[in-house]
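My notes follow the order in which I checked things.

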Amino acid sequence: RAATNAPDAHNPDTSDTCKRHKSVTKQAIRERRHIATPFTYKAGSSVIVSVCTTMAAPASGDRLLFVCSNTFDPPLDIEREQQLVALAVESTDTMFETVQNPTFAALQAKARAFRPNVVHFAGHVDPALGVRLFAAEMDGTEYAHVSAADFVTNIRNAVGACLRCVVLNACFGDNVAVEFVRQGAAASAVGIPETISDSAAIAFGQVFWSTRAAPSSLHSSFEQAAAAATAMVPEPEADHATGTETGHNDADHCYVWHQR
């Protein structure tokens with residue numbers, strides 16, 4: 001996820017120069033469409049490592065933990081995303097707490113203390129190294145990466161119950177979302193296979209949680225939020241010099257829904 005100067009999720013600054021979304025060729029778009037095909041894991045499937053038998057709090061009393069891991073340089077506008085998500089659930093009976101730029105140990109401690117049943121992670125995931133967190137308390141320069149498997153295993157152990165939903169609102173976070181479902185640590189998870197702009201990520205978070213405030217299924221909220229995020233991505237444009245296209249307008253390219 002890359003920084004943007006968009007002041008509002010629904011009014012992006014078209015002059016943004018730093019994007020999570022990268023230019024892609026037609027072939028890359030076709031390949032990404034294949035990669036982004038949603039997975040569905042069913043109980044009893046051989047791909048399930050372990051399935052939690054205890055589900056955390058019901059939807060009517062969600063406990064939402066917003067994880068702000070602003071390790072990107074220049075910084076992401078995660079605070080804006082956090083504010084919009086908090087506002088979206090303000091009128092509901094959802095309990096909302098934030099953990100700001102934590103180390104992995106601090107994040108686990110917060111998960112043990114708060115016991116969320118839904119988690120929203122906003123930050124950065126390295127496709128090779130894993131989830132990027134701070135390496136030390138109050139240190140804005142040193143970072144540490146946690147592999148998808150270790151991240152999910154430790155969060156699952158800290159919460160002590162199957163999460164209802166996890167949103168990995170970070171570039172390349174889809175492998176972590178897959179791991180949450182594969183390990184049975186979450187009933188559903190949302191991830192991004194590749195890159196996306198900061199303004200699109202903010203739009204997704206705002207719409208996903210604001211539609212959850214109304215009578216709506218998680219998947220319905222996901223579809224609306226993915227559409228809002230995709231509206232922030234440039235329409236395909238031909239580059240006559242190279243014969244390629246940049247941009248896309250397919251929601252499935254931005255976010256993927258997984259469930260078991």
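I began with glutamine 108. I found it in helix H3, which spans residues 104–114. I kept in mind that this is a predicted model.

Is glutamine 108 buried or exposed? I read a relative accessible area of 14%. The limit for buried is under 20%, so glutamine 108 counts as buried. I then looked up its contacts, leaving aside neighbours within four places in sequence. Glutamine 108 is in contact with Asn154 and Ala158.

Next I turned to the largest nonpolar core. It holds 33 residues. Which of them touch the most other members? I noted Ile196, Phe204, Phe208, Trp209, Phe222 and Tyr255. I listed the elements that give two or more residues to this core: strands E1 (63–68), E3 (118–126) and E6 (165–171), with helices H2 (78–89), H6 (198–212) and H7 (218–230). H6 gives the most, with seven residues.

Not counting residues up to four places away in sequence, phenylalanine 208 touches Cys165, Val167, Leu218, Ser221, Phe222 and Ala225. I also found a second, separate core of 30 residues. Leu65, Val99, Val152 and Leu163 are among its members.

Last, I took the chain totals. I counted eight helices and 10 strands. Of the 260 residues, 51% are buried. Among contacts between residues at least 6 apart in sequence, 71% join residues at least 24 apart. The chain exposes about 11200 Å², and carbon and sulfur atoms supply 52% of that area.

Notes. Residues numbered from 1 in each chain as written. Predicted model: local features only at pLDDT ≥ 70, side-chain atom pairs only at ≥ 80, totals over all residues. Heavy atoms only, no water. Core = buried A, V, L, I, M, F, W, Y, C linked by side-chain atoms within 4.5 Å. Buried < 20%, exposed > 50% of the residue type's maximum accessible area, 1.4 Å probe, protein only. Helix = DSSP H or I, 4+ residues; strand = E, 2+ residues; numbered from the N terminus. Contact = heavy atoms within 4.5 Å. Areas by Shrake-Rupley, 256 points an atom, 1.4 Å probe, with all protein chains shown as cover.
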